[in-house]
Amino acid sequence: MYRRLMTVKVGNLTIKLYDDKRVYRPLAVSKLIASCITLKGDEHVLDLGTGSGFLAIVASKLGARSCVATDISPDAVAMAKANAELNAAYNIDVRQGNLYEPVEDEYFDVIISNPPMTPSPKPLKPETYGGPDGRMVLNTVLKGAKEHLRPGGRLIIPTISIVGIDITTKTFVQLGMSYKCMGYIIVTFSKLLKNLETYIAKLPNASIVYDKYMRPCWTAVVFEARLLS
Ligand SMILES: C[S@@+](CC[C@H](N)C(=O)[O-])C[C@H]1O[C@@H](n2cnc3c(N)ncnc32)[C@H](O)[C@@H]1O
């Protein structure tokens, strides 16, 4: 069904993944999130926007009791199912649908998400497009977490500097969540972002840093936010 296979290392784990251009391939932020996941035994996990299933598989291998993995893309859902089987991660339930719709009345101990956050005046592929300010999907994931986390439950989620890191931390406080930074990286702009640089530079919440070669870069911070009550 899929022709290419790749492996991704996360700490002591080696995850095998089918690789196909129709589905988002785990990139630097995916790997950073994976390295920030901590699980106690017996936790029920949601991976929202699972893509290849990578983060759900990591959660399963780290000892999640069970995991629901959702994505809006039928291609991603098919591949996540195949990748779960490839890694013998049999406790992952993959479902198709928009954001929290497939888990409407369900509660989780941990929600993990790597939402699309590329700001653009025009729609891009759903795996990347974050709306005009980059926060369209991210904000919905943040606000919905409160409705789907058990008391004391945790949300593991990144924010990139071109969509406003402080807006995310203020949202945690508004939602009654404590938070900590679990890791960060600095990444140079891709070709797509370079084409959008003038637009992004004018966004009020965007922050671009420049490396020693004066190349534009963004920072990604992975947060773990805990619902206090
Ligand atoms: C940046 S990719 C992350 C994929 C994977 N979690 C990872 O880290 O490698 C974002 C994923 O979210 C999915 N997505 C985008 N909008 C969505 C929505 N409204 N509901 C559910 N999934 C969505 C995309 O199809 C894509 O697979």
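In which helix is Thr171 found? Thr171 belongs to helix 5, which covers residues 165-174, where helices (H or I, at least four residues) and strands (E, at least two) are DSSP runs numbered from the N terminus. The model is predicted, so local features need pLDDT of at least 70 and side-chain atom pairs count only at pLDDT 80 or more, while totals for chains, interfaces and linings use all residues. Residues are numbered from 1 along each chain as its sequence is written.

Thr171 counts as partly exposed because it has 19 C-beta neighbours inside 10 Å; a residue is buried if 20 or more other C-beta atoms, placed from the backbone, lie within 10 Å of its own, exposed if 12 or fewer, and partly exposed in between.

Strand 6 (residues 108-113) has five of its six residues buried, so the rest of the structure largely encloses it. Strand 6 pairs in the parallel sense with strand 3 (residues 44-48) over four bridges, pairing being assigned if DSSP finds at least two bridges between two strands, and Leu46 has Ile111 of strand 6 as its bridge partner. Four bridges also join strand 6 to strand 7 (residues 149-160), and these two run parallel, with Val110 standing opposite Arg154 of strand 7. Together with helix 4 (residues 136-148), strands 6 and 7 make a right-handed β-α-β unit, which is to say that, with the strands pointing away from the viewer, the path from the first strand over the helix to the second runs clockwise.

Helix 2 (54-61) is mostly covered, with eight of its eight residues buried, and Gly63, which follows helix 2, has a positive phi near 110 degrees. Leaving aside residues up to four places away in sequence, Ala59 touches Ile37, Leu39, Val45, Asp47, Ala64, Cys67 and Ile112, a contact meaning that the two C-beta atoms, placed from the backbone, lie within 7 Å.
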